[in-house]
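Hi,

Here is the structure I promised to pass on.

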Amino acid sequence: MATRKAAAKPNVSKDELLHYYREMLLIRRFEEKAGQLYGMGLIGGFCHLYIGQEAVVVGLEAAAEEGDKRVTSYRDHGHMLACGMDPRGVMAELTGREGGYSRGKGGSMHMFSREKHFYGGHGIVGAQVPIGAGLAMADKYLGNDRVTFTYFGDGAANQGQVYETYNMAELWDLPVVFVIENNQYAMGTSVKRATKSMTLYERGVAYGIPGEQVDGMDVLAVKAAGEKAVAHCRAGKGPYILEVMTYRYRGHSMSDPAKYRTREEVQEMREKRDAIEHVRTMLLTGKHASEDDLKAIDKEIKDIVNQAAEFAKESPEPALAELWTDIYADALPQGEAH
Amino acid sequence: MATEVLMPALSPTMEEGTLAKWLVKEGDTVSSGDILAEIETDKATMEFEAVDEGIVGKILIAEGTEGVKVNTPIAVLVEEGEDAEAAASSAPAPSAAPAANGHDPAPAAAKAPVASVEVRETLIPEGTEMVTTTVREALRDAMAEEMRRDGKVFVMGEEVAEYQGAYKITQGLLDEFGARRVIDTPITEHGFAGIGVGAAFGGTRPIVEFMTFNFAMQAIDHIINSAAKTLYMSGGQMGCPIVFRGPNGAAARVGAQHSQDYGAWYAQIPGLKVVQPYSAADAKGLLKTAIRDPNPVIFLENEILYGRSFEVPKLEDWTVPFGKARIWREGTDVTLVSWGIGMQYALEAADKLAEEGVSAEVIDLRTLRPLDYDTVIASVKKTNRCVTIEEGFPVCSVGNHLSAYIMTHAFDWLDAPVLNCTGKDVPMPYAANLEKHALLTTAEVIEAVKQVTYR
């Protein structure tokens, strides 16, 4: 675990801190609710929770501009909430209902929002990496001044296609930020059991791509690194790698007993390194908010999540006719840049 | 004693080439390994080395000559003091030169430069000028026309730009469209297929060339999981308008890893469209349709067909719709269903069967997905017999699928079981005699027809 670097001493406003607090709390409460609904049998299949990693997407979204794109793996709920997708639509997709982002046809691992420039939600480990570079290639080709955030884990970092993509992304100066969310376990295999080259961002050196390691439990540090990476890409200098050191508190998926690590290890991360607690402390010690203020926010978030869960339960299952739709496009979807 | 130097075959499918440049002149002494000339094949410009030693007595074919057939004498080597003029007329052709290249023309590659059967396309207005065009040129023209029409269309792949295409399909495109739109990739199929898919999601219209579809197996996860399924998984939000194209199937003497027909594999996948053209007119019209299609399209070409010539209508915007079979030949006794290179066996068999008084109707499916079931069923209801012809493996073949479909929809019209002619159920062998046996033959098609017509 990277040590917490002296994150640019809080030249950070009250509003900004409150925003991070709210956003990260939304993801955590949403995921806790999803875990609950899974336990009730309302969500099926695979369900990978983002609890513990919230500061990664919230910090990077703070560095993004309107129109920037993002793509990630199957642990995608946090990314969708952080880029502004409606929690009701995300939760209803988890329950496989008509009101879900993919009308119930994608599920937890396969969700998209063209409106919010969220390009999935991909179920094959590592496949989103060339796709992210391709999105950046399209922006460069079309002359859009946009950056694509391509998220993947420490597990995907050992996939061959990642390095094929590094090579081409640097060769063609593609505006893509590769974000390695290093939560230290690829399902049950710790990083040190999967590789001897454990500083994953350094692998970019072989392709000429600059990068750095970032404390992923510190939202301000993530944001600062994100801004640096984005500036590099937008200046036409090609890709940038951020290895964001983070930790997932829950198992790989709902069915993972997580026997590969000790309870103490998890407990220590939760107690000493929690990203939400970190911001909460800053808000309180900086006298930006009172306990009551934060309680009010907690309640507000809880309501949003409860509403999402209600919507996801009440939304009907998709009509059977949906089985046969969206296999082929007759024309390109609305909003397509054609 | 004088030795003739023959035009070499420098690629598995080369039938003729251009003698681009002589690097020796008459009177020069050469020894084994010296470079004699530069020869342009259907794929590349190659240096041609001397095998024997001697003095260049006479150059028979001037540099710059195009269309020099393989095995044509191009020069004569003489010994010290020998008369070149006399030698040229009497020199025996050494068998060693061409054989050294291991060239054994595919049975397919041997004949029929121009298809003898008249192209009947309802979409061609009367009086349209027809231009003799190779499949290679037709494919290039289709890409060039679509790139002129739509700035979002670009082509990427290995050797597509500066090399002018490994099989010269993209010849000239770099000059016209520049490096922004004709993009050389490193040898990295998995990666660039995924990048192509992302670029399609991002609002462009990529054409991804695979040097051959054998290499696309490295990329098949992106073709199927990323390209074909995303529209469905996104509830219709995100389409993937992309063309994956390149040569597919057996070429000649390239062995098991370079000789597979993937038509049946891709035809199984909902979300893909699968095109496998035979003629140049269809290659052009279908590729233009593929580039405009908002879905991922697998476009399966064939190396042996690249150099074949067909009549292509000279029209400003010639397109061929997907899912419409072409009836190349009408008949009454049996229906032959094929596509891609299988069509040459079907058409050859139909010619020979006609001599024996059997009237075969020959259907070219042109696209495997969507598949024109109606045309097949209508024909079977007329002829009551059907033989399918494809180059791919026999198990779970397209022919198997058609047989099941015909059984379900025209059972009462059948007077014989539907037979499937396919390649053999073996990895493609290298040895010339074994390869010949592994491939489909016209004789097998004729035999199948005799079986179903009880002759």
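This is a predicted model: local features need pLDDT of at least 70, side-chain atom pairs count only at pLDDT 80 or more; totals for chains, interfaces and linings use all residues.

B:Met156 sits in strand S10 of chain B. Leaving out residues up to four places away in sequence, B:Met156 touches B:Ile183, B:Thr185, B:Phe192, B:Gly196, B:Pro206 and B:Val208. If you want a distance to check on screen, take B:Met156 and B:Ala179: they are 23 residues apart in sequence, and their C-alpha atoms are 9.9 Å apart in space.

The cut-off for buried is 20 or more.

The peptide bond that joins B:Arg369 and B:Pro370 is cis, with omega at about 0°. You'll find B:Pro370 in the loop between strand S20 (367-369) and helix H12 (373-383) of chain B.

Now for the sheet. Chain B has an open sheet of four strands in the order S5-S4-S2-S7, with antiparallel pairing. Strand S5 (45-49) and strand S7 (65-69) of chain B are at the edges with a single partner strand each, so one side of each has no neighbour in the sheet. On average, neighbouring strands of this sheet are turned by 40° against each other, direction ignored. As a reminder, strands of a sheet pair through backbone hydrogen bonds, either parallel or antiparallel.

Going through the pairs, strand S2 (residues 16-22) and strand S4 (residues 35-40) of chain B run antiparallel and are joined by four bridges. Here B:Lys21 stands opposite B:Glu38 in S4(B). S2(B) also pairs with S7(B), in the antiparallel sense, over three bridges. On that side B:Leu19 is the residue opposite B:Thr65 in S7(B). How many of the five residues of S7(B) are buried? The count is zero, and S7(B) is hardly covered.

B:Glu38 is worth a click of its own. It lies in strand S4 of chain B, and with 16 C-beta neighbours inside 10 Å it counts as partly exposed. Setting aside neighbours within four places in sequence, B:Glu38 is in contact with B:Ala20, B:Lys21, B:Leu23, B:Thr45 and B:Glu47.

On the overall layout, the domain assignment of chain B gives domain 1 (3-103), domain 2 (130-313) and domain 3 (324-452). The centres of domain 1 and domain 3 of chain B, taken over C-alpha atoms, are 43 Å apart.

Next, where the two chains meet: 36 residues of chain B are in contact with 39 residues of chain A. Helix H5 (189-201), helix H6 (220-228) and helix H7 (230-233) of chain B each supply at least two residues of the side that touches chain A. H5(B) gives the most to this side of chain B, with 10 residues. By type, the residues on the side of chain B that touches chain A divide into 14 nonpolar, 20 polar and two charged.

Finally, chain A. Helix H2 (residues 54-61) of chain A is mostly covered, with eight of its eight residues buried. Among them are A:Val56, A:Val57, A:Val58 and A:Leu60, and also A:Glu54 and A:Glu61. The mean pLDDT of chain A is 94, and 95% of its residues reach 70 or more. Over residues 333-338 of chain A, though, the pLDDT is below 50, and this stretch has 12 contacts in the model beyond near neighbours in sequence.

Cheers

Definitions and conventions: Residues are numbered from 1 along each chain as its sequence is written. Chains are lettered from A and ligands numbered from 1 in the order in which they are written. Two strands pair if DSSP finds at least two bridges between them. Axes are lines fitted to C-alpha atoms, for helices over the stretch in contact, and angles run from 0 to 180 degrees between N-to-C directions. pLDDT is the predictor's confidence in each residue, from 0 to 100. Two residues are in contact if their C-beta atoms, placed from the backbone, lie within 7 Å. Ala, Val, Leu, Ile, Met, Phe, Trp, Tyr, Cys and Pro count as nonpolar, Asp, Glu, Lys and Arg as charged, and the others, Gly among them, as polar. A residue is buried if 20 or more other C-beta atoms lie within 10 Å of its own, exposed if 12 or fewer, and partly exposed in between; C-beta atoms are placed from the backbone. Domain bounds come from an automatic or database domain assignment.
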